[in-house]
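Biologist: I have a new structure open and would like to learn how to read it. Could you walk me through it, one feature at a time?

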Amino acid sequence: MAHVAAWKKDLVKELAKDMTDNPIVAIVDVHGIPGQQIQSMRAGMREHAILKMTKNNLLLLALEEAAKQKPGLEGLKDAVHGQCAMVATDVNPFKLFRQLEATKTAAPAKAGELAPMDIIVRKGPTPFGPGPIIGDLQKIGLPAAIEGGKIAIRKDTTLVKMGEPIPAPVAAMLPKLEILPMIVGLDLRSAFEDGTIYGRDVLNIPEGYYLNLFATAAFNARALGVAIAFPTKETIVPLIVKAFRESLGLSISAAIPTRENIEMLIAKADSHMLAIAAATGSTDERVVARLSAAAARPVAAAAAPEKKEEEIDEKDEQVSEEEAAAGLSALFG
C-alpha cells in the first residue's frame, strides 16, 4: 500500500472540518487569477468566509470525509475540476454568489486563451502617433492608417470570434489598444446548503427577482379574489367599494332614487330633457334659453381657456324645480 504523507492527511482533515463547521460550502473556479489577486480576495473574505486551494484529489477526499456528517455534500464533487478552490461560509448561497461576482475585474488576454466574447476593435483614432506600430496593427488584420496626426482604425474589425483561441500577436496588442477582454475573479460553480446543491444557473438571478415574483403573485391573487367576490382581509375593502359602485350604477340605470344618486338622476333627467327639447324644436322660452347657454358655453371656454370652472356664472348651472320636475317626468315616463 502506497505511503500517504502526513501533511496530506492533516490537510484533508482540516478541509473536512471547515466543511462541517460551516453551513455553506461552495466550489469556485480560480482559473487565470494571479496569485497576488487570490491572496487579496482571501483577505477580503476573511471576516465571513474561508477560501482554501489545494490539489483536486485532496479536495475530493475531504468532500467524501465531510459527507459522512453532512449527507449530500458529495454532490459538489462534480464541480471539482480544473483550477478550483473551496469556500466555507455562513453566507447564504445567493448572497455569496453576488459577493463573488463583485470580485471580478477586466484583465488582459493571454496567448491561447479562448475569447469570452467577440473581440472587436472599433473604428476611430488610436492612442498612437505615426510610427512603426502601424505595421504591427496591420499585421494582426486591422485596417490602420494615419489620419489627423494619429493612427486610426478605418472600420470596425472583429479580431477574434467568441470561443476561438487568441493569437499571441493579438494578445500582445490588445492592452495597447486599451482592450481587456478577459473577466477575472472567483466564479462560483456550485454551493451546498442543508442537503441541497445549488448550481450556477440557479444562483445567477437578478437581485430582488424572487421578491418581485412574490409581489406579483400577491397582486394577482388579490385581483382574482376581487373578481370572484371572495372575501378576505385583503379583498373586503375593494369588494365593498366595487359593490357600492356597481349598485350605484344599477340604481341610476334603473332610475331608482336614493340619497346617494338623486343628484345624478336629476342631472341625467335634465340632460335628457334638453336633448329631447333640442330634437323636437321646443319653443319654451326657458328651455330655449338653456339650450342657447349650453351652445355658447364651449365657445366661451375656447375664447378664454384660462377661465376657471368656479368663475362660470352659477346661474347657468342652476335648475329650477319646474325644470327638474319636467326632466324627471321625461326620465320616469
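Biologist: At what angle do α9 and helix α10 (residues 262–280) pack, and how far apart are their axes?

Modeller: A word on the source comes before that: this is a predicted model, in which local features need pLDDT of at least 70 and side-chain atom pairs count only at pLDDT 80 or more, while totals for chains, interfaces and linings use all residues. Residues are numbered from 1 along each chain as its sequence is written, and side-chain values use heavy atoms, with hydrogens and water left out. Helices (H or I, at least four residues) and strands (E, at least two) are DSSP runs, numbered from the N terminus. Axes are lines fitted to C-alpha atoms, for helices over the stretch in contact, and angles run from 0 to 180 degrees between N-to-C directions. Here α9 and α10 pack at about 40°, and their axes are 10 Å apart.

Biologist: Which word describes how α9 and α10 lie to each other?

Modeller: Angles under 35 degrees count as roughly parallel, over 145 as roughly antiparallel, 65 to 115 as roughly perpendicular, and the rest as oblique. α9 and α10 are therefore oblique to each other. The crossing also has a hand: left-handed if the near helix is turned anticlockwise from the far one by less than a right angle, and right-handed if clockwise. α9 passes α10 in a right-handed crossing.

Biologist: Which residues of α9 and α10 meet?

Modeller: Contact means heavy atoms within 4.5 Å. On the α9 side you will find Leu248, Ser251, Ile252 and Ser253, and they meet Met264, Leu265 and Lys268 in α10. Sorted by class, this contact of α9 with α10 has four nonpolar, two polar and one charged residues. For the classes, Ala, Val, Leu, Ile, Met, Phe, Trp, Tyr, Cys and Pro count as nonpolar, Asp, Glu, Lys and Arg as charged, and the others, Gly among them, as polar.

Biologist: Let me try helix α8 (residues 209–227) and helix α9 (residues 236–253). How do their axes cross?

Modeller: The axes of α8 and α9 come within 9 Å and cross at roughly 40°. That makes α8 oblique to α9. The crossing of α8 past α9 is right-handed. In α8, Arg222, Gly225, Val226 and Ala227 meet Pro238, Leu239 and Lys242 of α9. This contact of α8 with α9 has four nonpolar, one polar and two charged residues.

Biologist: What about helix α1 (residues 6–21) and helix α3 (residues 56–67)?

Modeller: Their axes come within 8 Å and cross at roughly 50°. α1 and α3 are therefore oblique to each other. Their crossing is right-handed. Among the residues that meet are Trp7, Leu11 and Leu15 in α1, and Leu58, Ala62 and Glu65 in α3. The contact of α1 with α3 divides into 12 nonpolar, one polar and two charged residues.

Biologist: Now for the inside of the protein. How many of its 333 residues count as buried?

Modeller: Buried means under 20% relative accessible area, exposed over 50%, and partly exposed in between (1.4 Å probe, protein chains only). Of the 333 residues, 32% count as buried. A nonpolar core is a set of buried Ala, Val, Leu, Ile, Met, Phe, Trp, Tyr and Cys residues joined through side-chain atoms within 4.5 Å. The largest one has 45 residues, and Val28, Ile166, Leu186 and Leu188 touch the most other members. A second, separate core of 21 residues includes Leu15, Leu73, Ala79 and Ala88.

Biologist: Is lysine 9 buried, partly exposed or exposed?

Modeller: Lysine 9 sits in helix α1, and with a relative accessible area of 48% it is partly exposed.

Biologist: One last topic: the backbone angle phi. Where is aspartate 194, and what is its phi?

Modeller: Most residues other than glycine have a negative phi. Aspartate 194, in the loop between β11 (187–193) and β12 (196–199), has a positive phi near 50°. At 70% relative accessibility, aspartate 194 counts as exposed. Alanine 229 also has a positive phi, of about 55°; look for alanine 229 in the loop between α8 and α9. Its relative accessibility is 52%, so alanine 229 counts as exposed.
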